[in-house]
Each structure stands twice: as C-alpha cells, then as structure tokens.
Amino acid sequence: RPARGAREAVAVLEDDPRCRTSTWTASTMAYRPAREGNLLSLYINNRAGGLIFHRDFSPNAAKLDTNEQMQLASTFSGLALIMGQLAPSRPSSGMQLLEADGFLLQSFDSPTGIKFFLTAEPDAKGLDLVLREVYTYYADYVLKNPFYEMDMPIQKGGKFCQKLDRMVAQVQDRR
C-alpha cells in the first residue's frame, strides 16, 4: 500500500497470484462489514459500461451531477477493461482494487457481466465482502423482479434500495 501522501495508485489484479493482497477460504467468506473508513459511493454499470445505479453514502463523497456520475462510471468500466488486458496472466478478470491516497475503489464483476464499484475512505476494510452482499441484494431484489429489464437503470426506492441502505447504515455504525 502506498504511503500516505503518495501520488501513485496501486491496482490489484484478482487473477494474478503475485498481486493478491489476501487469500479467502470458505470459512472467512462470511459477511463482515467494512470497518474503520466510511463507504462513500456505489456505482453499478451494465455490460456496456453504462451507469444503471448510483448512490452516495457519505457527505464526504464527491459532489457530482448526473452527467459527471455517468462519465465516472464509464471510466471505471474502461479502467477495469484496460487492467484486465495488462494483466501478466491470462485470462484475468481485471481490476479488483485501486488504492489512492484519498480513496479506495473496490470492484466486483458479476457472472452476468454487471460491474459493481464501491468507493471508500482509504482505511476501509472488507469492501469485497460488502460488494458481494450488494450483489446478493441485486440478484434477489432486482433480477428477480419480473418488471426489470436487464441493463436498464435500477428503480430507486424499491426493496433493493431499502436493503442497501440498511446494510450501509450497519456498516457505517460499526466503524
């Protein structure tokens, strides 16, 4: 991890054993919320890299208008694609974690091609597990909705948002 104030970013490639930061076993995969740092924002992108859901969780999150959110989300998808192509081992799933001096960006690729990106303060832990929980809510409350069409924006205010807000409140309270 770069020292505080360093101006470089470090990317961890999930499929490159030389770059892994931790190993998980079945017993450690239980949901444990992020600790210490606040969660900032969640971005969910469709298979084409377009933003289908965004939610800010903290007043410290970047204040962006809708157009800037869409640009940022598509940049995340493009960055993840580039990281996958630069990986020394093939095939690679691409970017898993980006660490910068001001934030962390954790990503999760679903089996259906949907990309989940979570930004958090630099000292946050367990973000990959938080994203897996978000994916579970997505699968249970978005994909199983008979009125939802794949790759379309996710309706705000539904069960997915309620579960997401409840989980984030628990994570933020435990820091």
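How many residues does helix α3 have, and how far does α3 reach from its first C-alpha to its last? I started my notebook there.

**Entry 1: helix α3.** I am working from a predicted model. I looked up α3 and found residues 159-173, 15 residues in total. The helix reaches 21 Å from its first C-alpha to its last, close to the 21 Å expected at 1.5 Å a residue. Next I listed the buried residues of α3: Phe 160, Cys 161, Leu 164, Met 167, Val 168, Val 171 and Gln 172. They lie on the same side of α3, because they cover an arc of only 135 degrees around the axis. I noted the general rule behind such a pattern. An α-helix has 3.6 residues a turn, so residues three or four places apart point the same way. Then I checked the face turned away from the buried side. That face carries the exposed residues Lys 159 and Asp 173.

**Entry 2: helix α2.** I moved on to α2. It has 17 residues and reaches 22 Å from its first C-alpha to its last, close to the 24 Å expected at 1.5 Å a residue. I found α2 mostly covered, with 12 of its 17 residues buried. Among them are Leu 127, Asp 128, Glu 133, Tyr 135, Tyr 137, Tyr 138 and Val 142. The buried residues of α2 pack against β2, β5 (104-109), β6 (115-120) and α3.

**Entry 3: strand β6.** Is β6 enclosed or open? I counted six of its six residues as buried, so β6 is largely enclosed by the rest of the structure. I sorted its side chains by direction. Lys 115, Phe 117 and Thr 119 point one way, while Phe 116, Leu 118 and Ala 120 point the other way.

**Entry 4: partners of β6.** I looked up the pairing next. β2 and β6 pair in the antiparallel sense over six bridges. Here Ile 44 has Phe 116 in β6 as its bridge partner. β5 and β6 also pair in the antiparallel sense, over six bridges. Leu 104 stands opposite Ala 120 in β6. β5 and β6 form a hairpin with five residues between them. In that turn, I noted Gly 113, which has a positive phi of about 95 degrees.

**Entry 5: confidence.** I checked pLDDT last. The protein has a mean pLDDT of 78, and 76% of its residues reach 70 or more. Over residues 1-35, pLDDT stays under 50. The model has 77 contacts beyond four places in sequence for that stretch.

How values were computed
Residues are numbered from 1 along each chain as its sequence is written. This is a predicted model: local features need pLDDT of at least 70, side-chain atom pairs count only at pLDDT 80 or more; totals for chains, interfaces and linings use all residues. Side-chain values use heavy atoms; hydrogens and water are left out. Helices (H or I, at least four residues) and strands (E, at least two) are DSSP runs, numbered from the N terminus. The expected span of a helix is 1.5 Å times one less than its number of residues. Buried means under 20% relative accessible area, exposed over 50%, partly exposed in between (1.4 Å probe, protein chains only). The arc is that of the directions from the helix axis to the C-beta atoms. Contact means heavy atoms within 4.5 Å. pLDDT is the predictor's confidence in each residue, from 0 to 100. Two strands pair if DSSP finds at least two bridges between them.
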